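Here is a short tour of one protein, written for someone who would like to find their way around it on screen. Have the viewer open and follow along, section by section.

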Amino acid sequence: MVIKKIIFIAIILGLCFSDADAQHFTNRKTALQALERAEYGLGNPLSEEHDEVKYVDLLKAICLSDVLSENDKFRAQLLLEQAIKNHVGEKAADIVYITPDDSTHHLHESKAPRVMVFFNDPDCESCAIVKQRMDTCTFLRRMVAAKQLEIVGIYTLDNEAQWRATTFPDFIINGWNKNQDITNHDTYLLPTLPLFYLLDSDKKVLLKNEASLNKVLNYLHMESSKKVESAGETR
C-alpha cells in the first residue's frame with residue numbers, strides 16, 4: 001500500500017512539474033512558512049490572497065524543494081493532490097444534476113459560452129445573501145438573456161425536501177447532485193460555501209473555488225470590455 005501511494009504521488013508530481021518553474025527556498029523554515037501561506041492564504045477562498053494558480057505553483061515548488069525531507073513534504077503532496085482537481089485551464093469534472101421538474105442534466109451538455117457554477121446550500125445564510133445579490137444584478141440577467149452565460153446552482157447534500165423548498169431567481173438553474181457523486185467521490189472539493197466556478201465553452205476552468213461574487217463579476221466585466229474593444233477595432 002505504501003509503495004502504491006509513493007508511485008501515485010510520483011506520477012502526480014511528474015505530470016505537474018513537467019513545465020513548472022520551481023521557487024527556491026533558502027532553508028527549511030522558509031519552505032515551511034511558504035507551505036503555511038499556501039494553505040491558509042493562496043488556497044483559502046475566504047482569504048484576500050486567494051489565487052488557485054499561484055497556490056498550485058507554490059505547492060509544486062515546495063514538493064520539489066531540496067531543503068525539505070520527504071516527511072516535511074507529505075502534507076504539501078496531499079494538498080497538491082487535492083488542488084489539481086478541476087485546476088484552472090483544465091476541463092472540469094462533469095456534474096449530473098436534476099432540476100425541480102425531475103429532469104436530469106449534465107454540466108457538460110451546456111452550450112453557453114460561459115457557465116457559472118454556484119455551489120450552495122439552502123441552509124447556508126451566506127448563500128442566501130449571495131443569491132439575493134445575484135437576483136438584483138442586472139449585468140448577470142443581461143448576460144443570461146443574451147445567451148452569453150448560464151448559471152447553474154448546485155446543491156450537493158442529501159436533504160431533498162430542503163432543496164425542493166428553496167427558491168431561485170428565474171434566470172438561475174436550481175440543480176441538485178442527486179446521485180451524490182460530488183460528495184462520495186470528491187469530484188469537487190468545497191472548502192466553504194457559497195463557492196463559484198467559472199467555465200468556458202469547452203468546460204475548462206477559468207475561475208475556481210471563488211467565494212467572492214465580486215471577483216466573478218469583475219472577471220466577466222473585463223471579458224465583456226475586451227469583446228467591446230475588439231469589436232470596435234474590427235469596424
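How many aromatic pairs does the count come to? It comes to six, and we will return to these rings below. Please keep in mind that this is a predicted model.

## Overall picture

The protein has 235 residues, and 45% of them count as buried. Its secondary structure consists of nine helices and seven strands. Among contacts with a separation of 6 or more, 64% are between residues 24 or more positions apart.

## Aromatic rings

One of the aromatic pairs is worth a look on screen. The ring centres of Phe119 and Tyr188 lie 5.3 Å apart with the planes at 50°, so this pair counts as tilted. It links distant parts of the chain: Phe119 sits in strand E3, whereas Tyr188 is in the loop between helix H8 (181–185) and E6, and 69 residues separate the two. Both Phe119 and Tyr188 are buried.

Elsewhere, Phe118, Phe168 and Phe196 form one aromatic cluster.

## Nonpolar cores

Which residues of the largest nonpolar core touch the most other members? This core has 22 residues, and the ones that do so are Met116, Met134, Leu140, Leu149, Ile151, Phe196 and Leu220. At least two core residues come from each of strand E3 (115–119), helix H5 (125–135), helix H6 (138–145), strand E6 (195–199), E7 and helix H9 (213–233). In soluble globular proteins, nonpolar side chains tend to be buried together.

Setting aside neighbours within four places in sequence, Leu220 contacts Met116, Phe139, Leu140, Met143, Leu149 and Leu198. There is also a second, separate core of 18 residues, which includes Phe25, Leu35, Val56 and Leu59.

## Asn209, a buried polar residue

Asn209 lies in strand E7 (residues 205–210). Is Asn209 buried or exposed? Its relative accessible area is 6%, under the 20% cut-off, so Asn209 is buried. Its side chain makes a polar contact with the side chain of Tyr197, at 3.2 Å.

Beyond residues up to four places away in sequence, Asn209 touches Pro45, His50, Glu52, Leu189, Pro191, Leu195, Phe196 and Tyr197.

## Leu42, in helix H2

Leu42 belongs to helix H2 (residues 28–42). With a relative accessibility of 4%, Leu42 counts as buried. Leu42 and Lys54 are 12 residues apart in sequence, and their C-alpha atoms are 6.8 Å apart in space.

Apart from neighbours within four places in sequence, Leu42 is in contact with Arg37, Glu49, His50, Asp51, Glu52, Lys54, Tyr55 and Leu58.

## Cysteines

A disulfide is a covalent bond between the sulfur atoms of two cysteines. How many disulfides does the count come to? The count comes to zero.

Cys124 has a relative accessible area of 15%, so Cys124 is buried. For Cys127 the value is 3%, and Cys127 is buried too.

How values were computed
Residues numbered from 1 in each chain as written. Predicted model: local features only at pLDDT ≥ 70, side-chain atom pairs only at ≥ 80, totals over all residues. Heavy atoms only, no water. Disulfide = S-S within 2.5 Å. Buried < 20%, exposed > 50% of the residue type's maximum accessible area, 1.4 Å probe, protein only. Helix = DSSP H or I, 4+ residues; strand = E, 2+ residues; numbered from the N terminus. Contact = heavy atoms within 4.5 Å. Polar contact = N/O pair within 3.5 Å; in protein donor to acceptor, adjacent residues only side chain to side chain. Core = buried A, V, L, I, M, F, W, Y, C linked by side-chain atoms within 4.5 Å. Phe/Tyr/Trp six-rings, centres within 6.5 Å; stacked < 30°, edge-to-face > 60°.
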